[in-house]
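Here is a short briefing on one protein chain. Please look over the sequence and the structure before reading the points below.

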Amino acid sequence: MTSRLVRFFLALLLALLTAAAATFGAAWLWRAIGGAPMSLHGWIALGLGILGSVALAAGLMALAFKSSREGWDDRVDNSLDPGRDRGED
């Protein structure tokens, strides 16, 4: 149980570091192209948007790996697919 908790916190730390690096990188790029300085609310919105995107990507990848590992992709019934040729099985 503790190794699972440690892995969770390491993944959370990695997601936060990735979001922070992407936030500062996007802000640097914005300033490099001549954009106006961001307010505190802009920093918060940018950080939350990037963190949400990273979390969504991680969650969807976890679901894809879980589905593949448990064989859910192999049990799909395509018999009701209108584009399927009835002669092939």
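What percentage of the 89 residues of the chain count as buried? The figure is 9%. The model is a predicted one, and its secondary structure consists of two helices and zero strands.

**Surface**

- The chain has an accessible surface of about 7,600 Å², and carbon and sulfur atoms account for 69% of that area.
- Leu5, Phe8, Phe9, Leu12 and Leu16 together make a nonpolar surface patch of about 490 Å².

**Helix 1**

- Helix 1 covers residues 2–32, which is 31 residues.
- From first C-alpha to last, helix 1 reaches 44 Å, close to the 45 Å expected at 1.5 Å a residue.
- After helix 1 comes Gly34, which has a positive phi near 95°.

**Packing between the helices**

- The buried residues in helix 1 are Ala19, Thr23 and Ala27.
- An α-helix has 3.6 residues a turn, so residues three or four places apart point the same way.
- The partner for the buried residues of helix 1 is helix 2, residues 40–70, against which they pack.
- Thr23, a residue of helix 1, has a relative accessible area of 7%.
- Thr23 counts as buried because that value of 7% is under the 20% cut-off.
- Leaving aside residues up to four places away in sequence, Thr23 touches Trp43, Leu46, Gly47 and Ile50.

**Salt bridge**

- Searching the whole structure gives one salt bridge.
- Lys66 and Glu70 form a salt bridge, and their closest N and O atoms are 2.7 Å apart.
- Both Lys66 and Glu70 belong to helix 2, where they are four residues apart, about one turn of the helix.
- Lys66 has a relative accessible area of 40%, so it is partly exposed: the value falls between the 20% limit for buried and the 50% limit for exposed.
- Glu70 is likewise partly exposed, with a relative accessible area of 39%.

Methods
Residues numbered from 1 in each chain as written. Predicted model: local features only at pLDDT ≥ 70, side-chain atom pairs only at ≥ 80, totals over all residues. Heavy atoms only, no water. Expected span 1.5 Å × (residues − 1). Buried < 20%, exposed > 50% of the residue type's maximum accessible area, 1.4 Å probe, protein only. Contact = heavy atoms within 4.5 Å. Patch = residues over 30% accessible without salt bridge, like charges linked within 9 Å, V, L, I, M, F, W, Y side chains within 5 Å. Areas by Shrake-Rupley, 256 points an atom, 1.4 Å probe, with all protein chains shown as cover. Salt bridge = Lys/Arg side-chain N within 4 Å of Asp/Glu carboxyl O.
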